[in-house]
Every structure is written in structure tokens, then in C-alpha cells.
Amino acid sequence: MQDMINTQMDTELIFSAELISRYEKSGPRYTSYPTAIQFNEEFNSKNYIENALRTNENPLPQALSLYFHLPFCSTVCYYCACNKIITNNRRHAKPYLELMFRELEMQSALFDKDRSVRQLHWGGGTPTFISTKQMSDLMDFTRSHFSLLNDDSGEYSIELDPRESDPKNLSFLRQLGFNRISLGVQDFDPDVQRSVNRIQSEKETYSIIEAAREQGFKSVSLDLIYGLPRQNVESFSQTLNKVIAMQPDRISIFSYAHMPERFKVQKQINELELPNAATKLAIYQNNIKTLIRAGYVYIGMDHFAKAEDELAIAQTNKELTRNFQGYSTHGDCDVVEVGVSAISKIGDCYAQNFHDVTDYENSVNASIIPTLRGFRLDSDDILRRYVITQLICHFSIIISDIEDKFMIDFSEYFYNELQALKKMEKDNLVSIDLVGITISPTGRLLARNICMVFDKYLRQTAVESSFSKTI
Ligand SMILES: C[S@@+](CC[C@H](N)C(=O)[O-])C[C@H]1O[C@@H](n2cnc3c(N)ncnc32)[C@H](O)[C@@H]1O
Ligand code: SF4
């Protein structure tokens, strides 16, 4: 069964249930290449420092993207795969914030002050778990150590859980410097909400959106998850219609990644209540159709945006990139992440902080950047990262562009990959010619699988146990 969905743009998406079912397998989400599985502990804080200092030598000062991980949540959602600390004790935030300040101080010493912070993001967990005073202190401290943009031209965003936010606080957040918000919704159906322990009314969600608009926030993004217990096509369609009525600028609909061995809290999920593969696929199909008919552009992998949103504009201008928060504008920024488990992407290296708060604390208290592990990309990794990013963000690569940039003969270098792609070409997922490789309307929903062809590490990795399903 094929369903042609004409978008308002000049692109098309074709949903082929047969091909999606056939290609569905576990695979990376390519928020980085190589993926975090390849990071190793030989890469330490000393390597991180050397690498960071080197990036100051660029002839033009390279802008920064700052991310803060605030892991606390007062209740647990059973599906959650984020790195969080569940506690009702607000006092726990204080010592953690003190550690973050110290890390921030160490990090700021590595980057020249002429490198402006074009993007800033507070994620979690629940960033609003901390008090307004603590938020002000964190922002002031950041401002005194990094060159934040003071003219509202930066993309400064915060993740809000509507259950932990008050519409009255939106003006405070706006004054603090935030101009974008992202809200977790997941599903409005009360039955689904009960089964995942996240009771959140439409009213409390909408009141935050309304307040954000009144306060002049430039973008509102909502997160949903499909594949949760007790969901079906009809119920999720109702949620989606309610979400569309709220007119967010961006909508992310994640496929529920159920990996209870890795995320222990998911053992609370009753597996018998999970929708089966056919229902999940039907929900997915309906999501795409509904959102595109409502005027949203399919950005790629779970992400939709209004045509006038920066994400859609960045895609049109070929400036879209992917990072640990998903799709992002400004691919040229070095990403500095602060807090437990945060992953920085600086120059040709990735570096991940300790997951565990005690390890993080020991390192920071010893005045050592809390790098647990990392990865230095070699020239082959950099080339493959470029190819994968182009494919996942722009659905095409131009061979001459890659040959000029990396001084290679593409058909020779990627001989095996081209052979593998030819099989996908027979299924009409890609077209290959002398100019380049283009992912077809049918292949766009399987872009992740096409990228996997260029991932040399997948041949060495136990894919099934390491990654979630592609759909
Ligand atoms: C980093 S979390 C934090 C969001 C915020 N704490 C909230 O719940 O409102 C960001 C998003 O990840 C998604 N997410 C969390 N666990 C997931 C899972 N197991 N599978 C798919 N998406 C998931 C949810 O949509 C969530 O809103
Ligand atoms: S989904 Fe958000 S609020 Fe729920 S446990 Fe995860 S991080 Fe916390």
C-alpha cells in the first residue's frame, strides 16, 4: 500500500508500509557520527583541553552553542530514556548547581571571549525543577563567563514540563534571555497518561504556550511519543489534532524506544499494552499525513516544523545539522555541554562527561574537566560524518562537492557502499547518478537506514542490543 503525500513544498513523501516493515531494524539516530558507542576512555580531559584550545586558532572566531544538563525531575515517567534524577527534595539541586558553576568556570577558560554564544539550551530532566533565584544565578554566571548575545538574536531555549511550570514564570524566563521553549506532551489521552505515570492536562499545556506567545517567545516546540501503551490510531489522532490546534512552530514525534534492560524504569510499562508493530506503523502513517496536511514540513526523523520556522529555513538553505538535541540550525558552532552525561562536540572531537553525579563531583572538585570518555575523529570519520549529515539533513549528496572537499575519488572510496545502495535503488529508496545520491520520496522515511550504509562502525557493533528500532 502506498500513500502519496504532497507537501506544500516542492518535495513529496511516499509512505510505503511494505518497505518500512521490510527495512525496519535497530539503528543509530545519528545525533553524532561516530555514535557514542565508539567513545573511549583513552580520550580524557587533557585531550579535551588541547582540542578546545586549538579551536580558538580558527581565522574567524567560531560561535559557540552551550548546553546545560539539569537532571532533576519530581516524578518519573515510565517511558523515560533521558538521564534524570528523580527526587522531591529541591535541596538536591544546590550542590549540583555549585558543581556546574565550577565546571562552567573551567570550560570558559578554554574559549576565547570573542566567540559569541549563538545557541544556548537548558535541557533535562526538568530545568524548571530549580528555583527562579537559582535560574537567575545560573544565567548571570554564564553571562559573566561567556559572551552571550544581549540583543535577542541568539537561539536561547529551555525545555519545560508544563506540570512543573507556571504561566506566570514565562515573563521571568523571557527576561532571563530565553526566546524559545520546548514542551514535553507525549500524549493527551488520559488512559495513556495513567499507564506511563504522566498526568498532564491540555489546559496546563496550552496555558504555557499562550503565556509564551504573550511574552514574545519566538518558537514553541512540542514533543510527542508514539508507540506508548494503550495508544491506537484513533486515540493518537485525537492527541495530534489537539496539538495542531495549539499551533506549535515545531513538533517532534518520537518513536517510543522500549529498552527496559537499559532504562530500568521502563519495567513499569505493561508490555501487553504496547501497540503491536502494525498499529504503531499505522499511527506513524497517520501522523505524517495529518501533519503535512496541516501545513507542517517534514524535516526528517521525527521532526516537523512550520515552513517559516528556522529549522525549515535552515533545511532550505542547506544549513541544517544534527546534534545531541536532534536537528539544529547553525551546524558551524562548537557545542560545549555542561553537567552530568553531557556530550560536547568541539572541532573534530566528541567528549562526554561522567554519568554518575559522584564521579562528576570528584572530578570537578579536583578541578579536572569531568570527561568520562570521548572520540577524536580521523579523516575517514570526518568524511563519513559529512556524508551522513548531508543525507539525514538534506536527503542528498553531491559527489563533486565531496570529492573537492575531501580530495577523494568517490566511486573508488565508497565502492562497497555504492554496491549496497544499488540494492536500495532497486527498491526505489535512492537514485544514484554521476551528480550524486538523492534519497527518493519513498526513502525519506528510511533515511536512517540509508545513512547506516556509510557507517563503518556498524559492521563491528552488536546493533540489536545497542540501538532502538528505526521506526
Ligand atoms: C530530554 S526529555 C525531557 C523533557 C521534559 N523533561 C519533559 O518531560 O517535559 C525530551 C523528550 O524525549 C522524549 N523521550 C523520552 N524518553 C523517550 C523514549 N523512551 N522514547 C522516545 N522518546 C523519549 C520525550 O518526548 C521527551 O519530551
Ligand atoms: S520525560 Fe521528562 S519529566 Fe518525565 S522523567 Fe523523563 S525527563 Fe523527567
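A polar contact here is a pair of N or O atoms within 3.5 Å; within protein, one must be able to donate a hydrogen and the other to accept it, and residues adjacent in sequence count only if both atoms are side-chain atoms. Keep in mind that this is a predicted model, where local features need pLDDT of at least 70, side-chain atom pairs count only at pLDDT 80 or more, and totals for chains, interfaces and linings use all residues. Side-chain values use heavy atoms, with hydrogens and water left out, and residues are numbered from 1 along each chain as its sequence is written.

Let's start with Arg384, which sits in helix H12 (residues 379-394); helices are DSSP runs of H or I, at least four residues, numbered from the N terminus. A polar atom of the Arg384 side chain lies 2.9 Å from the backbone oxygen of Phe454. Arg384 has a relative accessible area of 6%, so it is buried (under 20%; exposed is over 50% and partly exposed in between, using a 1.4 Å probe and protein chains only). Not counting residues up to four places away in sequence, Arg384 touches Tyr33, Tyr413, Phe414, Glu417, Phe454, Lys456 and Arg459, where contact means heavy atoms within 4.5 Å.

Now hop to Phe406, in helix H13 (residues 399-406). With 22% relative accessibility, Phe406 is partly exposed. Leaving aside neighbours within four places in sequence, Phe406 is in contact with Ile382, Leu383 and Tyr386. Pro248 is 158 residues away along the chain, and its C-alpha atom is separated from that of Phe406 by 40 Å.

Methods:
Chains lettered and ligands numbered in written order. Helix = DSSP H or I, 4+ residues; strand = E, 2+ residues; numbered from the N terminus.
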